[in-house]
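Please open the structure in a viewer and keep the selection tool at hand.

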Amino acid sequence: MLCIEVPVTAKSMEEWVLPDGVSKHRVAIDRLIQLRIFTETVDRKRETTYTLNPIFQTNLKKLLLYGVVLPRDPMPSNVTVRLPSSEDLEAFALGQWECFLLQLINSSQIERPSNISSSMMKIFQRGLLSQRDKEAPRLTESGFQFLLMDTNAQLWYIIREYISNSEERGVDSADLISFLLELSFHVTGEAYNINTLTEVQKNTIKDLADLGLVKLQQGRKDSWFIPTRLATNLSVSLTDSSSRKQGFVVVETNFRLYAYSTSKLHCEILRLFSRVEYQLPNLIVGAITKESLYSAFENGITADQIISFLQQNAHPRVAERVPSVPENVTDQIRLWETDLNRVEMTPAYHYDGFPSRDLFEGASDFARGYNALLWEDPEDSKKMSLVVKAENHVHMREYLSRQRQ
């Protein structure tokens with residue numbers, strides 16, 4: 001369709017497809033529509049046609065005609081010296097990211113001072129921390145849930161906040177998104193000259209370095225940035241399991257929990273929903289208890305989020321089991337959550353003292369039509385009471401005033 005400037009009918013397109021590829025073809029069409037690469041139109045005769053997005057079409061033509069032109073090439077090896085190995089780069093990215101998350105949980109957990117400025121921390125922590133007058137910052141419900149996300153989901157949450165705040169810093173959000181996506185296509189571990197960046201991009205690179213997305217290095221004459229795996233994962237789907245890190249948690253049927261990790265961050269995250277009993281140099285031992293889960297539920301963490309975290313971070317020795325977390329443990333976590341959700345509060349209005357049964361029954365039917373009727377008591381002919389959701393009070397009041405006129 002690249003060279004076709006007019007809409008193509010669905011029937012014509014189906015003629016291109018082999019019989020055994022019909023289902024895959026439909027899936028592909030749906031995906032292209034979701035990505036807005038295809039535009040679907042149905043005319044009066046109910047004939048479906050597809051048009052290729054003109055901007056995508058133009059740029060793809062340029063790509064095929066002139067080839068791939070990257071914004072910048074890696075610097076030659078004779079200019080850059082002592083580039084970090086892939087292991088060192090991975091350790092740097094992980095250390096910076098964990099430092100940021102630990103500062104989010106509790107600033108006293110930081111062994112080394114954070115390079116992130118207070119103004120940037122406010123941007124990154126927006127929605128994750130709340131603070132009252134003269135009180136220490138506290139994690140919000142979203143903050144607790146954020147800590148149980150996998151790294152890729154956490155990264156995109158922070159990047160979205162960074163983008164949404166860009167206009168306050170005088171940065172065009174479209175340019176910022178373009179640069180972030182461009183950065184994700186750089187090669188991990190290669191050095192790129194900072195002088196090829198605009199001033200806005202240089203400031204962005206410094207912010208991203210604080211989070212571990214890039215590592216900055218200085219030579220005698222030039223300075224450069226080195227993308228880490230966190231930066232290149234910006235273009236990876238959140239559902240792509242290939243970028244997942246190796247798990248470390250083993251949960252036993254007796255609710256004992258063993259985490260093979262040296263990370264303080266892992267220990268603090270496990271404290272959110274379990275009782276950590278002791279910590280060895282490379283092992284955290286704890287237990288999932290009713291009290292520890294109640295504390296997690298009160299902080300806004302759900303049973304499904306805890307179970308998902310345990311499954312996603314299951315140790316390789318148990319990850320291949322089905323299920324990776326014992327069923328009696330997951331069932332009990334859900335049961336303890338339901339203990340706290342037996343009563344549901346719904347804002348409502350109570351109506352009584354109807355002058356006639358006809359008006360009472362009409363009001364009941366009216367509220368029921370809006371799916372707003374919570375309770376009625378037609379048995380008591382004197383009271384004739386009903387309770388309606390607060391969000392439908394205005395409609396109910398208008399209905400009653402019309403009936404009385």
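A crossing of two helices is called left-handed if the near helix is turned anticlockwise from the far one by less than a right angle, and right-handed if clockwise. The model shown here is predicted.

**First stop: α4 and α7.** Select helix α4, residues 86–105, together with helix α7, residues 151–164. Their axes come within 13 Å and cross at roughly 70°. Angles of 65 to 115 degrees count as roughly perpendicular, and α4 is therefore roughly perpendicular to α7. The crossing of these two helices, α4 and α7, is left-handed. Next, display the side chains where they meet: Trp97, Phe100 and Leu101 belong to α4, while Thr151, Gln154, Leu155 and Ile158 belong to α7. By class, this contact of α4 with α7 comprises five nonpolar residues, two polar ones and no charged ones.

**Second stop: α4 and α9.** The contact of α4 with α9 has six nonpolar residues, one polar and one charged.

Finally, select strand β7, residues 214–218, and strand β8, residues 223–227. How many bridges join β7 to β8? There are five, and the two strands run antiparallel. Centre the view on Leu216, whose bridge partner in β8 is Phe225. Then trace the chain from β7 to β8, which a hairpin joins through four residues.

Terms used:
Residues are numbered from 1 along each chain as its sequence is written. This is a predicted model: local features need pLDDT of at least 70, side-chain atom pairs count only at pLDDT 80 or more; totals for chains, interfaces and linings use all residues. Side-chain values use heavy atoms; hydrogens and water are left out. Axes are lines fitted to C-alpha atoms, for helices over the stretch in contact, and angles run from 0 to 180 degrees between N-to-C directions. Angles under 35 degrees count as roughly parallel, over 145 as roughly antiparallel, 65 to 115 as roughly perpendicular and the rest as oblique. Contact means heavy atoms within 4.5 Å. Ala, Val, Leu, Ile, Met, Phe, Trp, Tyr, Cys and Pro count as nonpolar, Asp, Glu, Lys and Arg as charged, and the others, Gly among them, as polar. Two strands pair if DSSP finds at least two bridges between them.
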